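Subject: Structure handover and findings

Hello,

Please find the structure below. My notes on it follow, with the cut-offs given where each term comes up.

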Amino acid sequence: KRRLSNSEEFEIMKLVLDKFLWLGTGLLGFGVYQSLAVDIQDGLWYLLAGALVMVLFAWFVISEFERIR
């Protein structure tokens, strides 16, 4: 089996984390739109989902930095 170098591993991690960030931002934006345009209750669920994705993103980044240290 071939091992990845540190730079290759970092590039793959950036791609994965970028998707989490876009998903969380998209959910938050759609939640704000739903809250303003349709109903606050409908938008609140999207806002909560976006916040959960962002918290997962932050936890993952912190745990990776701790692992590297």
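Contact here means heavy atoms within 4.5 Å. By that rule, and leaving aside neighbours within four places in sequence, L47 is in contact with L27, L28, G31, V32 and S35.

Two remarks on the source. This is a predicted model, in which local features need pLDDT of at least 70, side-chain atom pairs count only at pLDDT 80 or more, and totals for chains, interfaces and linings use all residues. Residues are numbered from 1 along each chain as its sequence is written, and side-chain values use heavy atoms, with hydrogens and water left out.

Overall form

The protein chain has two helices and zero strands; helices (H or I, at least four residues) and strands (E, at least two) are DSSP runs, numbered from the N terminus. Its radius of gyration is 16 Å, well over the 11 Å that the globule rule gives for 69 residues, so the chain is more spread out than a compact globule. That radius is taken over C-alpha atoms, and the globule rule is 2.2 Å times the number of residues to the power 0.38. Along the principal axes, the C-alpha atoms of the protein chain fill a box of roughly 50 × 20 × 15 Å.

Of the 69 residues, 16% count as buried. Buried means under 20% relative accessible area, exposed means over 50%, and partly exposed is in between (1.4 Å probe, protein chains only). The protein chain exposes about 5700 Å², and carbon and sulfur atoms supply 70% of that area. Accessible areas come from the Shrake-Rupley method with a 1.4 Å probe; for residues, only the protein chains shown count as cover. Among contacts with a separation of 6 or more, 46% are accounted for by residues 24 or more positions apart.

Where the helices meet

L47 is found in helix α2 and is partly exposed, with a relative accessible area of 24%. One of the residues that L47 contacts is S35, which is found in helix α1. S35 counts as buried at 19% relative accessibility. Not counting residues up to four places away in sequence, S35 touches I40, G43, L44 and L47.

Q34 also belongs to helix α1, which covers residues 6-37. Q34 is buried, at 13% relative accessible area. With neighbours within four places set aside, its contacts are D39, D42, G43 and Y46.

L47 and L4 are 43 residues apart in sequence and 37 Å apart in space, C-alpha to C-alpha. The C-alpha atoms of G26 and L36 are ten residues apart along the chain and separated by 15 Å. G26 is found in helix α1 and is partly exposed, with a relative accessible area of 41%.

Aromatic rings

Rings of Phe, Tyr and Trp (its six-membered ring) pair if their centres lie within 6.5 Å; planes under 30 degrees apart count as stacked, over 60 as edge-to-face and the rest as tilted. The count by this rule is two aromatic pairs. F30 and Y33 form a tilted pair, 6.2 Å centre to centre with 35° between the planes. These two residues are three apart in helix α1, and are therefore separated by about one helical turn.

F30 and Y46 form an edge-to-face pair, 4.8 Å centre to centre with 90° between the planes. F30 lies in helix α1 and Y46 in helix α2 (residues 40-68), so this pair ties together parts that are 16 residues apart in sequence. F30 is partly exposed at 36% relative accessibility, and Y46 is partly exposed at 33%. F30, Y33 and Y46 form one aromatic cluster.

Nonpolar surface

L4, I12, V16, F20, L52, L56 and W59 make a nonpolar surface patch of about 680 Å². Patches are made of residues with over 30% relative accessible area and no salt bridge: like charges are joined within 9 Å, nonpolar side chains (Val, Leu, Ile, Met, Phe, Trp, Tyr) within 5 Å. A salt bridge is a side-chain nitrogen of Lys or Arg within 4 Å of a carboxyl oxygen of Asp or Glu. Helices α1 and α2 each supply at least two residues of the nonpolar patch. I12, one of the patch residues, lies in helix α1 and is partly exposed, with a relative accessible area of 46%.

Regards
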